Amino acid sequence: CGAARDPPPRRARARAVEEFAGPDADESTPQLSPEAAGVVSAQAEASAAGLPTPGEADFRLLNDILESQDWETLQGKVRAAAVEGKLSEKTLAALHQVHTQAMGREGEDPRIAQSLQQVGQLLVATLGQMQMPPAMQLIDQLLQIDPNGGEEEIAKNLQAAFDTEQVSSEEAMLAVDGLLEMMEAQEADINKAIQEGTAGENREEFEDMLNMVKARQEAKIRLAGLKSIIKGVEAAA
C-alpha cells in the first residue's frame, strides 16, 4: 500500500456518485507479476461484454466499498468481499452502471469518473485473481520472488505445493508453458506493429512499445529459469 493521504473532501456512493480519494497510478491494482497481469487482462477483456444484471445486494456492497475514506481501506474491503464470496461480476456490473451515469451527467467533475475507473480496475484484477487456476496462482507467487538468489525459496515453495497436492509438477509446467506462449504471441504482435509503423502516433508511444517488448523478453527469461527449477524439483523427488 502507498503512503497515507489526506481524507477526501467527499465520498463516492453508488446512488449519489461523489469523489473519493483514489489511488496513485501505480497502486490501482493488486500486486501481480507482469506475466499473470497479462492473463488477468485477457480474462477481463473476454468477459467485458454481457455483464450480469446487478441486484440490490450488489449495490449495497458497492456502496460500502465506495464509502471508504482512503484507498487502503477500499482495497481491504474488496479483498474481504472476495474472501467472503460476496464479490462477483455483478459488483462490477453495478459499478459499470454508476460510472455510466456519472459520465452522462453534464458538468460532472471528471475526477469522479476517473476514480470510478480506478475502482473498476481493482475489481477486474481481483476477480481475475479469483478465477486463476491454482497452478497459475502458484506461478504468479513464484514470479514475485526476487530472481537474484531466490532459487532456493522458489524450489522450497514448489516442493511444498507438490507435497500437499495443491498443484502437480505437470500442472505447474503447463502453466509456465502457457505464459511463455502468451508472451511470444504478444511480442510478435508488438513487433509487427513496430515494423508496420502502427505502434503509436508519437515518439512516446513508440518507446512504450519498445519497453513492452523488452519487458516480455525479460519475463521469458524468468519463466525459462522457473521451468528449470521445476524440472530440478521433479528430479530430486
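Trainee: Quick one to start: what is the relative accessible area of glutamate 184?
Mentor: It is 45%, so glutamate 184 is partly exposed. Buried means under 20% relative accessible area, exposed over 50%, and partly exposed in between, with a 1.4 Å probe and protein chains only. This is a predicted model, in which local features need pLDDT of at least 70 and side-chain atom pairs count only at pLDDT 80 or more, while totals for chains, interfaces and linings use all residues. Residues are numbered from 1 along each chain as its sequence is written, and side-chain values use heavy atoms, leaving out hydrogens and water.

Trainee: Which residue does glutamate 184 meet in a salt bridge?
Mentor: Lysine 220, at 3.5 Å, N to O. The pair links distant parts of the chain, with glutamate 184 in helix H8 and lysine 220 in helix H9, 36 residues apart. Lysine 220 counts as buried, at 16% relative accessibility. A salt bridge here is a side-chain nitrogen of Lys or Arg within 4 Å of a carboxyl oxygen of Asp or Glu. Helices (H or I, at least four residues) and strands (E, at least two) are DSSP runs, numbered from the N terminus.

Trainee: Which residues are in the salt-bridge network with Lys220?
Mentor: Glu184 and Glu187 are linked with Lys220 there.

Trainee: And how many salt bridges does the structure hold?
Mentor: Six. One of them joins arginine 60 and glutamate 56 at 3.2 Å, N to O. Those two are four residues apart in helix H2 (residues 56-66), so about one helical turn separates them.

Trainee: Why would that spacing matter in a helix?
Mentor: An α-helix has 3.6 residues a turn, so residues three or four places apart point the same way. As for cover, arginine 60 is partly exposed at 48%, and glutamate 56 is exposed at 56%.

Trainee: Changing topic, what is the secondary structure of the chain?
Mentor: Nine helices and zero strands. Buried residues make up 41% of the 237 residues.

Trainee: Which residues touch the most other members of the largest nonpolar core?
Mentor: Ile139, Leu142, Leu158, Leu226 and Ile230, out of 27 residues in that core. Helices H6 (134-143), H7 (151-163), H8 (169-195) and H9 (203-236) each supply at least two residues, and H8 gives the most, with eight. A nonpolar core is a set of buried Ala, Val, Leu, Ile, Met, Phe, Trp, Tyr and Cys residues joined through side-chain atoms within 4.5 Å.

Trainee: What does leucine 158 touch?
Mentor: Not counting residues up to four places away in sequence, leucine 158 touches Leu138, Leu142, Ile229, Ile230 and Val233. Contact means heavy atoms within 4.5 Å. There is also a second, separate core of 22 residues, which includes Leu62, Leu66, Ala94 and Val98.

Trainee: Ala94 and Val98 bring me to H4. Which residues are buried there?
Mentor: Thr91, Leu92, Ala93, Ala94, Leu95, Val98, His99 and Ala102. Their cover includes H2 and helix H5 (110-131).

Trainee: What is the span of H4 from its first C-alpha to its last?
Mentor: H4 (residues 89-104) has 16 residues and reaches 22 Å, close to the 22 Å expected. The expected span is 1.5 Å times one less than the number of residues.

Trainee: And what reaches the backbone nitrogen of lysine 90 at the start of H4?
Mentor: A side-chain oxygen of serine 88, to within 3.1 Å.

Note on methods. A polar contact is a pair of N or O atoms within 3.5 Å; within protein, one must be able to donate a hydrogen and the other to accept it, and residues adjacent in sequence count only if both atoms are side-chain atoms.
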